[in-house]
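This report describes one chain of a model and the side it turns to its partner. The sequence and structure come first.

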Amino acid sequence: MAPEPSDADLTRLIAACGTGAVEAEHSLFERYAARVRLFGRKHLRSDVAADDLVQQVMLRVLEAIRAGRVADPNKLASFIFGTCRHVSWDLQRSEQRQRRLERETELLGAESSMPEHSERDVVLLMQCLAELPEREGRVLRMSFMEDRPAEEIAERLGLTSGNVRIIRYRALAKLAFRMDPESKP
Amino acid sequence: MSCPTLETAAAWLLGELPTDEAERFEEHYFGCDSCFQGVLRIERLTMRLATKLPPVLTRNRHVELASRARLEAVHVAPGQSASLRLTQTSSLGVWIMHAELAGVERVDLEARDANGRLLFAYADVPFDVERGQVLLACQLHYRALPMDPKLFVHLREADAAGGRELGQYILEHQFDSP
């Protein structure tokens, strides 16, 4: 199987062919859209806004490549990240964001609350959660299963909220690793 | 830059990294498949934790779920039993356990099977003092868990003096086959 073309290969191809390099543009979209979407979910806190971000960022990136404005094709990831950050700031400032959130809330209300999942995953998750040290398991349960804020958990467990936050992300990483030990710690 | 750990990915996702460190992580994952997959795994994990395990529900969560999906609910008094039947079209239920909770500050929950084997135990669960209720959710996919169709659930008040029994409940569930 031929190796996937590098970012630099794709960039040069798109720059040379303009709108004619459809496959190269598609490959670039496939490679980066999910990363931009993750950034959007984190910073814009809305799936609808994250999808908007993907469209705007990828469009700007492709236009920049076609116009030869990407100075170093080997640093395309950094260029996309920079574009993503700027567009995200614009979206956050935009008044339209509030309207999108309202629209999404309406959509959410119409959805089932139970997403599709594998039952095998549920068993594995319960086993791995039970194997965590008691305090870590409690912090994860209170945080994610019971939606309690760090301040309340801290009060219940006799910790500072800063400690709860540290325990929470460490325990989450530990749980993710136990769920998939092949991955990096 | 060497790859950050999963801990860093989790801290970023939860908004616990200082701004400059968060930006460094973001720029890194844009160019790193492994770290991007790592942070996606953490994100999926938080969603699974929130939706898939047997949680004790807060009143607000119960109201929210009931407004979104068909929710089977059965009330059960201390010493009594109650049964939930879940199907593909009605996959979420709640056992509403009643107890005298006035003045109680902490409730611990423990579920055992008919042989006394511990299935799960949750310390310091949410409860509704006003209504005197503890809400235990039951979902169709729990059929994959090693649980008997009959749970023997104990609620205890936990305090410095060792606590007291608030109630014992026999919670039965029937699931449609996959």
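What radius of gyration does chain B have, and what would a compact globule of 178 residues have? Chain B has 20 Å, whereas the compact globule would have a value near 16 Å; the radius is taken over C-alpha atoms, and the globule rule is 2.2 Å times the number of residues to the power 0.38.

## Basis

This is a predicted model, in which local features need pLDDT of at least 70 and side-chain atom pairs count only at pLDDT 80 or more, while totals for chains, interfaces and linings use all residues. Residues are numbered from 1 along each chain as its sequence is written, and chains are lettered from A and ligands numbered from 1 in the order in which they are written.

## Fold of chain B

Chain B contains four helices and nine strands, assigned as DSSP runs (helices H or I, at least four residues; strands E, at least two) and numbered from the N terminus. Their order along the sequence is α-α-α-β-α-β-β-β-β-β-β-β-β.

Along the principal axes, the C-alpha atoms of chain B fill a box of roughly 60 × 45 × 35 Å. Buried residues (20 or more other C-beta atoms within 10 Å of their own, with C-beta atoms placed from the backbone) make up 37% of the 178 in chain B.

## Contact with chain A

Between the chains, 46 residues of chain B are in contact with 43 residues of chain A, contact meaning C-beta atoms, placed from the backbone, within 7 Å. On the chain B side, helix 3 gives the largest share, 13 residues.

Technical notes. Contact = placed C-beta atoms within 7 Å. Buried ≥ 20, exposed ≤ 12 C-beta atoms within 10 Å, placed from the backbone.
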